[in-house]
Amino acid sequence: MIQTTTLWKSGTCLSLSVRLLLCLAQVNNGSWPCSRERLVFSSQSFHSGIAAEGTQLLYRGTDPVMLQHPCGNNFAGGVSPAIYLGEKVFLSFDGFESSLLPLTIPATLATAPATVSTAVFVQENKVVLAINGKVFIYFYEPFHSWRQSEGISSPVTEVTNTICCYSEKDPKCDDISSFVLAYDTGDLIPNSHIFYSQDGGYKFQTLPTSPFLEGTLVSVYNFISLSRLGILVSKTEANMTTAHFIYNLNYNIYSHQGTPFDTNENGEHIITVPPGLRGFIILWSKDIFLLSSNNGLTTENITIFTTDGYANISLPLYDQGVCNVAATSSEIAALTKNKKLFYGSLDIVFSKMVLIGDRNSSKISTHCEVLMFDKTGMLTILNPVPSNASRFYNFHKCIINLQNRLMDVHPHLPPCPVEILSGDFHNKMYYIDMKQQLHFNVSFVPKPGTGAFPYVTVSNPHALGFRARVTPDGFTYDGNIKFNLQIILLQQHNSGMAKTEFHDQVTTAGMSTLTVDIYNKGIFCIDMHPLTALIAMDCPPTKHIRPFKNVTVCNKGLFNQTNLQNSFSYIIKQDAYDPRFLGRQHLDQEDLNVTYSYELLGCPILLYYDSPWLPTLELWENDKFVEYVSADFVLFETNGMHNYDYLLTASEAKCISQPQNWSTMFQWQLHPNPHTAWSRTNYESCKVPNQVRPLDSPSIKYQILNLNEDNRVVFSQYNGIYIFKVIVVDTIYSYCELSTLLSVYVHGAFPKSQINVAGMLIGVLILILGSILMGYYFPKLLHLDENGKIKSL
């Protein structure tokens, strides 16, 4: 990445920016009201070593499209990669600040014509494209190589995905960016094939859809901030075509349906999803231009400010309709066929745009130019221009300073009503585990007399709830009142503010974005960004458990720590373990030699064999102690040892339904694996009524442990080391799969005697009885007289 970026920056240094005069204006048939206008090209000597090999890519759309990687801040210089789809396809890493060759694909993968129907950026180093009905990956970093995706069993024309830019190194954010959808449009939903990939487009699987869904497939999107997939379907009834989104949870549970909106019969329109995961969707074509702020659940028309340059209140449609749209997380620009450029802000309660200029031209152009936001408030209109001297293409760029253009609009637009809007959580990602809360603070200063105030929204109210309160917080240096907005975020399930049928289940992880913005702030607030954070109701990556060790064999001097570190090993007798973890005894097997891992286990906990034992677990996050775990957990000995038991029975543990145990959990596995057999996803508490599993065996041992309950592990008369894996199975304690390893050394058991105690006791009793009988009958046998002398024998 560093080498390539340096190369492009070198090319930028060699590029020549030329101010276009009358000749360039004639080529472009008129001029936009540009703040700067130039033709960007690079030195030929710089590009002399580059050659285009393979089949050139072409775009099948009528008008060209510009795609920018949404995570600009993750790239050097803040300039994200961008791909231009038109008569030629270009991929730029410097904002088209140097000449480029058209993008090609190896002829072994695709022959001419290689037609691109769609393309998306995936993660930070590749583009996934649908070419001639197949899906390909182009790795622009680090090797500039191509690869065809696997698992696509039918032709596809569309590829969609969502990129998470909130946390570059977060595993959850990376999973979001790795999820790709591929499909074809135009068929009925039951006949459509939708494929999904969870590894960035390498391998695809078939996405199951309900055979009962009606309508024609238009598009499919992964709405991360709603925690659902959205399938856009269209229906034609009574000569009227409408479309609406259907949302499903966990791939096949259809849970919501969006409000229908009118569309054209052939369903040809483009959906632009602005970055930021705020829930905005722009649906547009020459016939429609709609905005949704809630992932398509509802849509609305965008109105236009009436100005001296444009007297209408709606965008031009049909033959003069929209031909290109660009959007950032807070801005939107639209270009129409009759060369009018509109600009607006993405505001949930303010859906208006304004004409900022049009191109003076007497000749109707056959194609549309593309739009590209360079940074906040700076819009570029771009056209590729072929070079007469080489195969390279230069780029004509018209850069418009939107703030300056808005100031020239008559009548003047309402000014921005706020001076300060700030919060430390902006553009960051946070986690909420079960029963937890997040606390945020926002500082804002409204301009005097405006009455402006902030509003708080969440993109997924089914999962995330909030409470907010505004309090005065002093004054600024100018004497304006400063306010503090306090926000508490919590799971909707635990908020007490929503009905049961509205909120998602507490055991279902979810995502949502939090947005704080100023109500009805208007278009002029270009630099006043909404404050946005991504909230995951999921397992925090750094959360884990550790065993509490108060007494170990090392601090009691029974074992030497150095010996434990030096390949220490011990023997498990053949009758004390079962390699299949089924507790079988009297197996014909050898003793097991175990090598102790000190790096993984540390010093074993010291236990007396005759004392019932309960492991104490510590919860940690970000290397900080949180609490002692007070949740249901289970354990097993990792080497298959089975010479231990549990203190309580099901009835003693106050079970009202049959408790689970290792035997019942293994019944569902062909090859018993204790690491996966029992977890929080399949745990059922016996303290909850269960008609399917009534308490049939109250004397069965209860194998679930909890810090706040009386059940314990009891050991047999055995001295030795046990290595336990502890698994938290409580379904409402955490989204995390919490588990840990701990070792214990059990001591104090006397060796079992080899003498048969029962036989020995019987022998003693016989000896005593014989002595008594001999004392009674022996004198009679000797015939003794009164003086004790033998009379006869």
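Analyst: A disulfide is here a pair of cysteine sulfur atoms within 2.5 Å, and by that criterion a search of the whole structure finds 8 disulfides. This is a predicted model, in which local features need pLDDT of at least 70 and side-chain atom pairs count only at pLDDT 80 or more, while totals for chains, interfaces and linings use all residues. Residues are numbered from 1 along each chain as its sequence is written, and side-chain values use heavy atoms, with hydrogens and water left out.

User: What makes C323 and C368 a disulfide?

Analyst: Their sulfur atoms lie 1.9 Å apart, and because the definition asks for a pair within 2.5 Å, the two cysteines qualify. The torsion about their S-S bond is about 45°, so this disulfide is right-handed. It links distant parts of the chain, with C323 in strand β26 (residues 322–327) and C368 in the loop between β29 (352–358) and β30 (370–375), 45 residues apart; strands are DSSP runs of E with at least two residues, helices runs of H or I with at least four, both numbered from the N terminus.

User: Why is the disulfide of C554 and C603 called left-handed?

Analyst: The torsion about the S-S bond of C554 and C603 is about -85°, so the disulfide is left-handed. C554 lies in the loop between β41 and α6 (561–565) and C603 in the loop between α7 (598–601) and β44 (605–608), so the pair ties together parts that are 49 residues apart in sequence.

User: Why is C603 called buried?

Analyst: Buried means under 20% relative accessible area, exposed over 50%, and partly exposed in between (1.4 Å probe, protein chains only). C603 has a relative accessible area of 10%, and is therefore buried.

User: Why do β4 and β6 count as edge strands?

Analyst: They belong to an open sheet of 3 strands in the order β4-β5-β6, with antiparallel pairing. β4 (65–68) and β6 (89–92) each have a single partner strand, so one side of each is left without a neighbour in the sheet.

Note on methods. Two strands pair if DSSP finds at least two bridges between them.
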